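User: I am new here. Please take me through the labels one by one, and tell me what each rests on.

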Amino acid sequence: MIKFEELISSLILPLVAYPEDVIITCVSETEANLEYQVKVNPNDLGRVIGKGGIIAKAIRTVLYAGASKEGKKIHLDIDSK
């Protein structure tokens, strides 16, 4: 069983300058779907999303792969505080 909160944390924390401001919340969890929200410091939002959203897309790709292995779908929302 994959611990998605730890996976998200391990992907996002190395990117940010203010790791103490990162909040990862499981918004909803059903049999087939997971929804997580990540809040970061406004100064770190650009680092996590990346130019053209490329870093956020890469993070989501890793999460999608892990979720599909578990037979689930996952949605990740990245926002600032």
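Analyst: Helices (H or I, at least four residues) and strands (E, at least two) are DSSP runs, numbered from the N terminus. By that rule, Asn-41 sits in the loop between β2 (33–40) and α2 (45–49). The model is predicted: local features need pLDDT of at least 70 and side-chain atom pairs 80 or more, while totals for chains, interfaces and linings use all residues. Residues are numbered from 1 along each chain as its sequence is written, and side-chain values use heavy atoms, without hydrogens or water.

User: Which elements does the chain have, and in what pattern along the sequence?

Analyst: There are three helices and three strands. Read along the sequence, they give α-β-β-α-α-β.

User: Why is Asn-41 called buried?

Analyst: Buried means under 20% relative accessible area, exposed over 50%, and partly exposed in between (1.4 Å probe, protein chains only). Asn-41 has 11%, so the residue is buried.

User: What is Asn-41 in contact with, beyond its neighbours within four places in sequence?

Analyst: Contact means heavy atoms within 4.5 Å. On that test, the partners are Tyr-18, Asp-21 and Ser-80.

User: How do you know whether Val-16 is buried or exposed?

Analyst: Val-16 has 10% relative accessibility, so the label is buried. The residue is found in the loop between α1 and β1. Its C-alpha lies 8.4 Å from that of Asn-41, though the two are 25 residues apart in sequence. Not counting residues up to four places away, Val-16 touches Val-22, Val-40, Asp-44, Arg-47 and Val-48.

User: What makes Lys-81 and Asp-21 a salt bridge?

Analyst: A salt bridge is a side-chain nitrogen of Lys or Arg within 4 Å of a carboxyl oxygen of Asp or Glu. Here the closest N and O atoms are 3.9 Å apart. Lys-81 lies in the segment after β3 (73–80) and Asp-21 in the loop between α1 (4–12) and β1 (23–29), so the pair ties together parts that are 60 residues apart in sequence. Asp-21 has a relative accessible area of 18%, so that residue is buried.

User: How many salt bridges does the structure hold?

Analyst: Two. Asp-44 and Arg-47 form a salt bridge as well, with a closest N–O distance of 3.7 Å. Asp-44 is buried because its relative accessibility is 0%. Arg-47 has 44%, so that residue is partly exposed.

User: Where is Lys-72, and what is its nearest side chain of opposite charge?

Analyst: Lys-72 lies in the loop between α3 (54–69) and β3. Lys and Arg count as positive, Asp and Glu as negative; His and the chain ends are not counted. The nearest opposite charge to Lys-72 is Glu-29, 4.0 Å away. Lys-72 is buried but has no salt bridge. Beyond its neighbours within four places, its contacts include Glu-29, Thr-30 and Ala-67.

User: Why do Leu-7 and Lys-57 get the accessibility labels they have?

Analyst: Leu-7, in helix α1, has 21% relative accessibility, so the residue is partly exposed. Lys-57, in helix α3, has 59%, so the label is exposed. Leu-7 also touches Ile-2, Val-62 and Leu-63, leaving out residues up to four places away in sequence.

User: How do you know whether the chain agrees with a compact globule?

Analyst: The radius of gyration is taken over C-alpha atoms, and the globule rule is 2.2 Å times the number of residues to the power 0.38. For 81 residues, the rule gives a value near 12 Å; the chain has 12 Å, so the two agree. The C-alpha atoms fill a box of roughly 35 × 20 × 15 Å along the principal axes.

User: What share of the residues counts as buried, and what share of contacts is between residues 24 or more positions apart?

Analyst: Of the 81 residues, 31% count as buried. Among contacts with a separation of 6 or more, 60% join residues 24 or more positions apart.
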